[in-house]
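Thanks for making the time; I would like to talk through the packing in one structure, beginning with the helices and then turning to the nonpolar cores. Please have a look at it while I put it on the screen.

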Amino acid sequence: MNEHGTQSEFERARRAADERALVDSAKRGSTAAFEALYRDHVGKVYGLCLRMTANRATAEDCTQEAFIQAWRSLPSFQNRSAFGTWLHRIAVNAVLALGRKRRELLGADASVDEDAERLPHPDSGDDGGVLDLEQAIGMLPAGARQVLVLVGLYGHTHEEAAEMLGVAVGTCKSQLHRARQMLAERLALPEGFP
Amino acid sequence: MNQGPSGRPDRLEEALSQLPRGIEPGRDLWAGIAARLEPRSDPARVRAVPRWAWAAAAAVVLVVASSLMTATLLRRGTATTVQTVPAQVAVPSTAPAVVPAAASAATAAFGPGHRVGPAYLANRRVLARELEGRLARLPPEGREQLAKNIAELRRASAEINAALELHPGDPLLEELLFNIYQDEILVLTNVDRLIAADTTRIPL
């Protein structure tokens, strides 16, 4: 390993140790330590929530719910995975739980309402092509969008995404295929878009 | 998702990989989160509970199980022998001295959220007094075992009361004491019911 590689490994290890210390303090009840964890992770959590919900206010609610749930569950966190991975899972559950709650409240109209939420989110910046892609993702139907975000953007396997979303693996694959086709159309990519 | 038909990463995947994973929210969400964080119980306080308190709690479980078993066996025994044994046979007392109920509850120092108030303690004392008067009517082997078990329970409650004097309002100690009193009352009630059932029978 070259010097640069060693340096970055060292930096990663130091950050992991720092984070573990923060997690331990938060487990013991330190809200200051938990706030530091919040500052480190809020961008990733909010990014995930925003892309999954395509709605800024809903994403803020989900982000807050995720951190509150993380605080409650922290005593049982065993450091078997990275804190960020654990938190990511909690955030996905927060998004899905909020979706279920809305469907219960609104009944069948919820899906219509969800489609109406397909709005671009201006938080992602103003960089031409990137903004187009964010907009296109935001305008996908909820099911296709969530699979695309989890598998295509955050690197989960179909099995993981299917388990998180509570759908069959086959459904997950077909939703991803649908999302890709729709994105290709909206981004005017050539057929097959290689 | 990863590759196009040619086996190379496709343009969509490339575009997705360029998206930043994190997006900062438009406003600070921490205040809303902080307002909803419940304080954790202080682990140092839990650690401060003496080890014997856990031992006492474990002993209580054993004692209650033993007492309930004794009561069940006695119930079966009296059901089969009641026609042949006179009800008022004097039995020499060999049971260990039972710590008086009043003494074991007199020193409790409960916190504001306690469940063991003066009315609870008064009822417990009445039940215990009634039982002590009637305990002598049990067969000697059952009486000895019950007296021993009740004495164990009261010793445990006296120890926890002593600890509560040092740590008044400690929720864990209060919980332990409440559980011991509940267990004691359960044993007393079962024995009381057993004796009551026995005295309704008419000896030959």
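When I say helix, I mean a DSSP run of H or I that is at least four residues long, and a strand is a run of E of at least two, both numbered from the N terminus. Please keep in mind that this is a predicted model. On that basis, chain A has nine helices and zero strands, and 31% of its 194 residues are buried.

Let me now go to the largest nonpolar core, which holds 44 residues, and in which A:Val45, A:Cys49, A:Ala66, A:Ala91, A:Val147 and A:Leu148 touch the most other members. Several elements give two or more residues to this core, including helix 3 (56–73), helix 4 (83–106) and helix 7 (142–153) of chain A, and helix 1 (11–18) of chain B is also one of them. The element that gives the most is helix 2 of chain A, with 10 residues. Because domain 1 (1–117) and domain 2 (125–194) of chain A both give residues to this core, it lies between them.

Terms used:
Residues are numbered from 1 along each chain as its sequence is written. Chains are lettered from A and ligands numbered from 1 in the order in which they are written. This is a predicted model: local features need pLDDT of at least 70, side-chain atom pairs count only at pLDDT 80 or more; totals for chains, interfaces and linings use all residues. A residue is buried if 20 or more other C-beta atoms lie within 10 Å of its own, exposed if 12 or fewer, and partly exposed in between; C-beta atoms are placed from the backbone. A nonpolar core is a set of buried Ala, Val, Leu, Ile, Met, Phe, Trp, Tyr and Cys residues joined through C-beta atoms within 7 Å. Domain bounds come from an automatic or database domain assignment.
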